[in-house]
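This briefing concerns the structure displayed below. Please keep the sequence and the coordinates in view while reading.

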Amino acid sequence: MSAPTGSRRTGNLRAQLTSFVGRRREVAEIKRLLSGSRLVTLTGAGGTGKTRLALRVADDLRRAFPDGVWFVELAALDDHALLTQTVATALGVRDRTARWHLPAMADYLSDKHMLLVLDNCEHLRDACATLADTMLQAAPELRVLVTSRQALGLTGEHLFRVPTLSVPDADPRPAPAALHACEAVRLFLDRAAAVTSDFTLTEANAGIVAQICRRLEGLPLAIELTAVRLRALSAEEILERLEDRYRLLTASSPVALPRHRTLRALIDWSYDLCSERERAAWARLSAFSGGFDLDAAEAVCASGDLPQGAVLDTLAALVDKSILAAEDHDGRIRYHMLETIREYGSVRLRESGTGPAIRKRHRDHFERMVARARDEWCGPGQQRWMARILRDHSNIRAALEYTLTEPGQAEAGLKIAGALWFFWIATGLTAEGRRWLERLLELESAPGTWRNTALWVYAYLCIIQEDVACALPRIDECRRSATEQGDAESLAWAMQLSGMAAMSAGDLAKARAHLEDGVARHRACRDDIGTADACFYLVAVVALLGEPRRAAALCEEVLALCDSNGERWLKSYMMWDLGLVAWQLGDSTRAVASTREGLRLAREFNEQWAIAFCVELLAWAAHAELRHRRAAYLLGCADSIWQRIGAPLFGMRHLLRYHEQCASGTRETLGAAAFDAEFGKGKRTRVGAAISAALEEGESRDERAAGEERTSVLTPREAEIAGLIAEGLSNKAIAARLLIVPRTVEAHVEHILDKLGFSSRAQIAAWTAGSGA
């Protein structure tokens, strides 16, 4: 598995849009538990605020975990087999090998000091337990914070039952000042102020507010949904409706837990307050998983009783009633439902009898979306499409799952999974793509063009994972079927993949013949993305066969093709190809310039393969320029990436001689000890920092060398404390932030002063700010 690129990331927590009310004792206790236990699970009924509490604790502990605080939302995930992949995606890591994901994840986390928050685990309890147990055994510095309605049941798991907010005593005439001590009242007043600025707690309404909070039993979600009703109802009217609803629901469901009755009653009430159009939209919107935009809502919800032109106003009404939340994503509004509210909508959708039709509309919309993305992929909108597909990844999963469970829909699933071939590769989600395709191919065996596409995409993903044995039968079937059906596009891909398989096996002559055939067929089909993709491999093969000038000419031709389309993803690979050819021709200057350009492009897409190829080649160039320490360092950086993606110089093993020449020559010049030190430093460098070093961005070479020399003197904990000193924190504040005792901080500070040759904290702060440590 490979780490995220870019500057060092400290997690993925988002800023919260509403204030956090109360919970001081709970936050302190959970932090205390995490200081002594590596697995803490927050349990409690739905609506008690487990997620928000976990987010608050995680945010408070950011500085305590050098490798970040990471939040993984699991409510939208239904397939336990995708759990590890979902966690990996949230962490921004990739694994393109054929390894089982769990060992790969354990290997990636083994040296990480981080906090991982797994949210809404109850429906994936066994899978989450297995994942947490494996990760914790493999990573001694990992902490895991879980929210779930049920404990995971692991040895060493510490449970914290999230209570409801404190509520007022049953005093018929409470004093307003006394009510402010109750968390439920403070939350109600805070949310009420957001919807109606003139609502305040007075002697006249204090008793009503206290009764409302007691009736809601301090459930945060219930309080928030109730407060918004102050737009249309008085506090007295709210209390009256709560009374009616509780009596009705208790009578109809005597075996339900009290808290479940309370939340259900409130959601029933919210539903009753909606118009017919709003109710219909609420039910239909429950088909979405992980959010949606206006276009998607219109495609799925619009019908005779809800015209397309009325969907936007209906969404706005549901936002106003706190049924939906709206967030701005890159200039477009995206809507979300709380999972409890989504589940309620799902029940209503089933009761309406329209569930199958709505899920089919949902499937149809995302099938159209990915088809458009495929058609426009070879163009300037690649990054935009990648971001859009990533945002709707959960919806795409839901659409694919529908095609697997609904009779007669497998062909549509093949269309979706096959159209996303570039997505599975560019994001590193090769294992997930392969899983969907494998299941769909087993389900839909009838010959056809969409099956042909699925066959070659499946084979491509297998080859990337170096599982050529599984790829070959699929390639053969695709070639036969495409020939019989006159499917020229799939036949072109089958020939290309035959060349890639031969290349992986080391038969360059056979690889060249098949790849040239594939390129000619792609061109005949006017498939520019296929042409460029096949040429990436063909250029490397031709160069390795000793024809660098022919390879360079072909590379320039394909780069012109990429530029004419505004294509940048495959261009990153082609720039590496151009650098390789220049390297073989002895033009080190051009090799470095081309490879760096490829590396910059690869960084835009976080393309681990292209990044590794480019860093490797820049190490060879540094060796040729007699910059031996840099060469050893970059070799270590590349080795770290190769190990994580599991296939050093995949498919191009003839390049290993250049790698070995660089490594042996550098080691001989530097000596074993110096080489190992620089190589090890590179191997410990995060991918983003490795890219910056390979590009020589920022400070001068001498400044970087001096900074690295001093920084390397400090241990990771000492470097972290130096950073906190630069922020102006006292020893006591640092101890609280890192969950250690002040005496330990004092000892670390003394060591830092000794190692850096300083006499004051001010010098540490100035050095830290100047070095970026």
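The points below cover the overall fold and then selected salt bridges.

The model is a predicted one. Its protein chain has 773 residues, of which 57% count as buried. The secondary structure comprises 39 helices and eight strands.

**Overall architecture**
- Of the contacts between residues at least 6 apart in sequence, 73% join residues at least 24 apart.
- The protein chain exposes about 31,400 Å², and carbon and sulfur atoms supply 50% of that area.
- The structure contains 50 salt bridges.

**A salt bridge between loops**
- E122 and R149 meet through their side chains in a salt bridge, at 3.8 Å from N to O.
- E122 sits in the loop between β3 (115–119) and α5 (125–138), and R149 in the loop between β4 (143–147) and β5 (158–161), so the pair ties together parts that are 27 residues apart in sequence.
- E122 is partly exposed at 23% relative accessible area, and R149 is also partly exposed, at 39%.

- The side chains of R279 and E276 form a salt bridge of 3.3 Å, N to O.
- Both residues belong to helix α12 (residues 276–285) and lie three residues apart, about one turn of the helix.
- E276 is exposed, with 60% relative accessible area.

**A buried pair and a network**
- R397 and E432 form a salt bridge whose closest N and O atoms are 2.8 Å apart.
- This pair links distant parts of the chain, 35 residues apart: R397 in helix α18 (residues 393–405) and E432 in helix α21 (residues 430–443).
- Both R397 and E432 are buried.
- A network of salt bridges links D79, E401, R435 and R439.

Note on methods
Residues numbered from 1 in each chain as written. Predicted model: local features only at pLDDT ≥ 70, side-chain atom pairs only at ≥ 80, totals over all residues. Heavy atoms only, no water. Helix = DSSP H or I, 4+ residues; strand = E, 2+ residues; numbered from the N terminus. Buried < 20%, exposed > 50% of the residue type's maximum accessible area, 1.4 Å probe, protein only. Contact = heavy atoms within 4.5 Å. Areas by Shrake-Rupley, 256 points an atom, 1.4 Å probe, with all protein chains shown as cover. Salt bridge = Lys/Arg side-chain N within 4 Å of Asp/Glu carboxyl O.
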